[in-house]
Amino acid sequence: ISETMSTNEENKLPLNGRRAIPPNYSNDEENEVPEMEAFGLIPRGFNPRDYLRVVDIYMFKDPHEINKQEHHTDKYYNPKLIVRRGQAFQIQIDFNRPYKQETDQFWLEFMIGRYPQQNKGTYIPILVGNVLKPGQWGAKIIHRENNSIRLSIMSSATCIIGKFRFYVAVLTPFGILRTRRNSAIDTYILFNPWCQLDAVYLDDEKEREEYVLNDVGVVFHGNVEDVKSRSWSYGQFEENVLDACLFLMDKAELELSGRGNPIKICRVASAVINSRDDNGVIAGSWNNTYDYGVAPSAWTGSVDILLEYYSSKQPVRYGQCWVFAGVFNTFLRCLGIPARLITNYSSAHDNNANLRLDFFLDDEGKVDTRLTKDSVWNYHCWNEAWMTRPDLPVGFGGWQVVDGTPQETSDGMYRCGPASVQAIKHGHVCFQFDAPFVYAEVNGDIFYTRMEKNGTQVVENIDTTRIGQLIVTKEVGGDGMMDITEEYKFREGSDEERLALETAVMYGVKKQSIQDTTYQPQTDVDMDFQAQKAVLGNDFKVTITFRNKSRNSYTATTYLSGNIVFYTGVTKREFKKHSFSPKLQPSSSSSFDIVIQSSEYMSDLLEQASFHFFVTARINETGKILAVQKAVVLEIPTLRIKTKGELVAGKETSVVVEFTNPLKQTLENVTLRLEGPGVLRTIKKQFGRIPMNSTLTWEVRFTPMRPGLRRLIASLNSDALRHVYGELNVQIQKP
């Protein structure tokens, strides 16, 4: 029945007058391929068994066999053949009799999608020849024995990335005999950073091991003064993750013929990673309520998210920037595009990309939250993907910024990139895609503007150094931090920096000149604000220091506002107000301490335990205003992970996760998660409550799969306390 159905469907294709073939953007769908394709009438005596016939095909697809070893795909937990494009792989064909080169003719066929077409690269016939040309489709016989031949097959270095069906076709006088459809010999073809002809070629082996093959990483968070880090499991080799990543391209409706191009893949993926406007992978939530979902801080890696999306086809709840970036990194590394996760500290979210973030102050010098639309994120995570940019002038290839967190729309959708890091550094923001937005994220100035009663705006202070102060990623081959700020910008105040800014403005990044506004900076008094290292649940003190460099005595009416904020810099509520009017003696410094008590902040604390302090001071004698702001992130306690005894692949063992509640309150609704790529799938456990000062112990029994150095990552989540992590590197012995 199914055959008649499908032929009817084929005949009734809706033709829209513009293209004869419907769009071909599903890697899953396939067409019927006839096993016998007759050239005309077949004579009665014809017996296909008289001709060369394929008995068996070996793909050498086990992890220890030649193909997966040479193509660096032996880590994928997937039984099918996985090869990288532009590099030869081997197969063996067994015929029913010895192959005779003079009279027998056969060829190989790779197909992808429902409507394979040769000119689109979705139908690939390969004739057997004598020589393989680098980076072009071809096949040659490298060994014959009895009825078998061994072939070396070269794929094109620009080939489509995806899962191909594979057939062997034999020519007979009356028609073509094909092997039957066999999903066991389906072949995945991926990007190849080891191949010089591939657009994603990366020439350093240590970097390839890190940016393509490493399945765990480190996310840097916190803030500039207090950089914190946590592990993230990318898990790009885990079971079904490769299929889930290919499904994302189907979901984004990327035409199969465009899937050999890393620029296109990155652009559509940056849209489909977030759920805005296309029901993509992760739903973002920044409001501290995560009903019917998982709190962003509870995830320990990408695998659970991708697999849940692949099975439910519905956005997974919830994510924030590092979750979008972690999943995006898994997607890129899984397909073979070198990728790394970046953290930009004090990241500007500049609503109108004018390189100016406006903080409006009211009469008293407090920030007016009604008027202030721009925000400074404590940190923001995005990704860089490595590729050539043949669509741009020479010199803009290499690392490209891609960002899956939905912030602003680009060409009508929430997506960002790929934007060349090199172009951002030099201010060449005219080159696609979204360079002006990224340029503003790392280069904005903060303007403190006071609204006078008559509506005029007075700029009280300009901070040119805070935005994009520090841009980091994990170092190659270790867990430390690598400072890559200089990849994005020249040194603050250098001639090159000025020139890059002028170039960016010339190419249309809006920048209001200071001449438009009345601004006379205060020069004879400096104000500085410092916070003591603060531990969650404890009191801590902050210090305001004035330096009066003049010969006059001044009084400074000073206002301190402490706010509990989301890490995106958006205020939830003011929890501390303090004003005082110190006397500033001529040519001297004076410091003032203010104690912040835990009882003042604990009830409203948000999960990243971030505070934002604004200090404004008016020098009464001159009317000048000083303003300074600072983010403070509390120290959050960590989980402890311990193993019991030796870890041997294939032998059951156990691991213990411990946590002591440091707060002066009971923790309610506690959830623990534990995972480790290649060691154990994510395990979750609910605990009702942990009283203050008491310790929770959770023992997990598991059997590690593969030997080698692995990492276990755990997280704890509860109503009052989130962002609690622990990790442990473990060496798993060979049995």
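Figure 1. Ser 346 is buried, at a relative accessible area of 5%, where buried means under 20% relative accessible area, exposed over 50% and partly exposed in between (1.4 Å probe, protein chains only). The residue sits in strand 16 (residues 339–349); helices (H or I, at least four residues) and strands (E, at least two) are DSSP runs numbered from the N terminus. Although Ser 346 is not a glycine, its phi is positive, about 55°. For context, most residues other than glycine have a negative phi, and most peptide bonds are trans. A word on the model itself: it is predicted, local features need pLDDT of at least 70, side-chain atom pairs count only at pLDDT 80 or more, and totals for chains, interfaces and linings use all residues. Residues are numbered from 1 along each chain as its sequence is written, and side-chain values use heavy atoms, with hydrogens and water left out.

Figure 2. Ser 587 is not a glycine either, yet its phi is positive, at about 45°. You will find Ser 587 in the loop between strand 31 (583–584) and strand 32 (588–596). Its relative accessibility is 55%, so Ser 587 counts as exposed.

**Figure 3. Two cis peptide bonds.** Going from Arg 317 to Tyr 318, the peptide bond is cis, with omega near 5°. Tyr 318 belongs to strand 15. A cis peptide bond also links Gly 417 to Pro 418, with omega about 0°, and Pro 418 is part of strand 22 (residues 416–420).

**Figure 4. Strand 33 and its neighbours.** Nine of the ten residues of strand 33 (residues 610–619) are buried, leaving the strand mostly covered. Strand 29 (residues 554–565) runs antiparallel to strand 33, and ten bridges join them; two strands pair if DSSP finds at least two bridges between them. Within this pairing, Ser 561 has Phe 614 of strand 33 as its bridge partner. Strand 34 (residues 625–633) is also antiparallel to strand 33, through nine bridges, and Val 615 stands opposite Val 628 of strand 34. The hairpin of strand 33 and strand 34 has five residues between the strands, and there Gly 623 has a positive phi near 80°.

Figure 5. The domain assignment, automatic or from a database, gives domain 1 (36–190), domain 2 (205–507), domain 3 (525–633) and domain 4 (640–732). Contact means heavy atoms within 4.5 Å, and domain 2 brings 32 residues to its contact with domain 3, which brings 24 residues. About 2400 Å² is buried between domain 2 and domain 3, with carbon and sulfur atoms giving 49%; this is the accessible area (1.4 Å probe) that two parts lose on being put together, summed over both. Two salt bridges are found across the interface of domain 2 and domain 3, each a side-chain nitrogen of Lys or Arg within 4 Å of a carboxyl oxygen of Asp or Glu. The side chains of Lys 533 and Asp 226 form a salt bridge at 3.1 Å, N to O. On the side of domain 2 that touches domain 3, strand 18 (375–387) supplies the largest share, five residues.

**Figure 6. Asn 461 in strand 24.** Asn 461 lies in strand 24 and, with 18% relative accessibility, counts as buried. The side chain of Asn 461 comes to 3.1 Å from the backbone oxygen of Ala 627, a polar contact: a pair of N or O atoms within 3.5 Å where, within protein, one must be able to donate a hydrogen and the other to accept it, and residues adjacent in sequence count only if both atoms are side-chain atoms.

**Figure 7. Helix 9, an enclosed helix.** Eight of the nine residues of helix 9 (residues 435–443) are buried, so the helix is largely enclosed by the rest of the structure. Among the buried residues of helix 9 are Phe 437, Tyr 439 and Glu 441.

**Figure 8. Pro 735, after strand 41.** Pro 735 is found in the segment that follows strand 41 (724–732). Pro 735 is exposed, with 81% relative accessible area. Leaving aside residues up to four places away in sequence, Pro 735 touches Val 648 and Ala 649. The C-alpha atoms of Pro 735 and Ala 649 are 5.7 Å apart, though 86 residues separate them along the chain.
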